[in-house]
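I opened my notebook to look up a few features of one structure.

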Amino acid sequence: MNRKGFTMLEMLIVLSVISLIFTLTIPNIQKRLETIREKGCESLIEVVNANIIQYELDHGEVPQSIEDLVSEGYLTQKQTTCMDGSTIEIVDGQASK
């Protein structure tokens, strides 16, 4: 007898193993993405803080709002919002979300 291909049982076992692998890895990937977003926001806040210092050196005063940095070209509008949607603000001369 010439049998080519896989039996239904073999296909079921392979699909079960693939499903198990996905079930174990997807939650881990989602946790990593959340960590990446948090670290990205922290890094963006540090960039804004560096631009606050640069603005202060150039103008002799601390910017009153994040819009001062955007209007003067120190930041782009996109750099005023973190990946999680929270807006960065300037409070007491420091960036925070």
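**Entry 1: a loop residue**

Does Asp-92 count as buried or exposed? I found that Asp-92 counts as exposed, at 79% relative accessibility. My cut-offs are these: buried means under 20% relative accessible area, exposed means over 50%, and partly exposed is in between (1.4 Å probe, protein chains only).

I noted the ground rules too: this is a predicted model, where local features need pLDDT of at least 70, side-chain atom pairs count only at pLDDT 80 or more, and totals for chains, interfaces and linings use all residues. Residues are numbered from 1 along each chain as its sequence is written, and side-chain values use heavy atoms, with hydrogens and water left out.

Asp-92 lies in the loop between E1 and strand E2 (94–96). Helices (H or I, at least four residues) and strands (E, at least two) are DSSP runs, numbered from the N terminus. I also saw that Asp-92 has a positive phi of about 55 degrees, although it is not a glycine.

**Entry 2: helix H1**

I checked the span of H1 next. Its 52 residues should span 76 Å at 1.5 Å a residue, and the end C-alpha atoms are 74 Å apart, which agrees. The expected span is 1.5 Å times one less than the number of residues.

Where does H1 have a kink? I found a kink of about 25 degrees at Thr-25, shortly before the proline Pro-27. The bend at a residue is the angle between axes fitted to the seven residues ending there and the seven starting there. Just after H1, Gly-60 takes a positive phi of about 80 degrees.

I then listed the buried residues of H1: Cys-41, Leu-44, Ile-45, Val-48, Asn-49, Asn-51, Ile-52 and Tyr-55. What covers them includes H2, E1 and E2. I wrote a reminder beside this list. An α-helix has 3.6 residues a turn, so residues three or four places apart point the same way.

**Entry 3: the disulfide**

I searched for disulfides, meaning a pair of cysteine sulfur atoms within 2.5 Å. The count comes to one. Cys-41 and Cys-82 form the disulfide, with their sulfur atoms 1.9 Å apart. The link is right-handed, with 60 degrees about the S-S bond. It joins distant parts of the chain: Cys-41 is in helix H1, Cys-82 is in the loop between H2 and E1, and they are 41 residues apart. Cys-41 is buried at 3% relative accessibility. Cys-82 is buried at 5%.

**Entry 4: the aromatic pair**

How many aromatic pairs does a search of the whole structure find? I got one. The rings of Tyr-55 and Tyr-74 have their centres 5.5 Å apart and their planes at 70 degrees, so the pair is edge-to-face. This pair also links distant parts of the chain: Tyr-55 is in helix H1 (residues 8–59), and Tyr-74 is in the loop between helix H2 (66–71) and strand E1 (89–91), 19 residues apart.

The rule I used is this: rings of Phe, Tyr and Trp (its six-membered ring) pair if their centres lie within 6.5 Å; planes under 30 degrees apart count as stacked, over 60 as edge-to-face and the rest as tilted. Tyr-55 is buried, at 7% relative accessible area. Tyr-74 is buried too, at 17%.

**Entry 5: the core**

A nonpolar core is a set of buried Ala, Val, Leu, Ile, Met, Phe, Trp, Tyr and Cys residues joined through side-chain atoms within 4.5 Å. The largest one has 15 residues, and Val-48, Ile-52 and Ala-95 are among those with the most contacts inside it. H1 and H2 each supply at least two residues of this core. The largest share, six residues, comes from H1.

What does Val-48 touch? Leaving out residues up to four places away in sequence, Val-48 touches Ile-66, Leu-69, Leu-75, Gln-79, Ile-88 and Ala-95. Contact means heavy atoms within 4.5 Å.

**Entry 6: Pro-63 and Ile-52**

Pro-63 sits in the loop between H1 and H2. Pro-63 is buried, at 3% relative accessible area. Ile-52, in helix H1, is buried at 2%.
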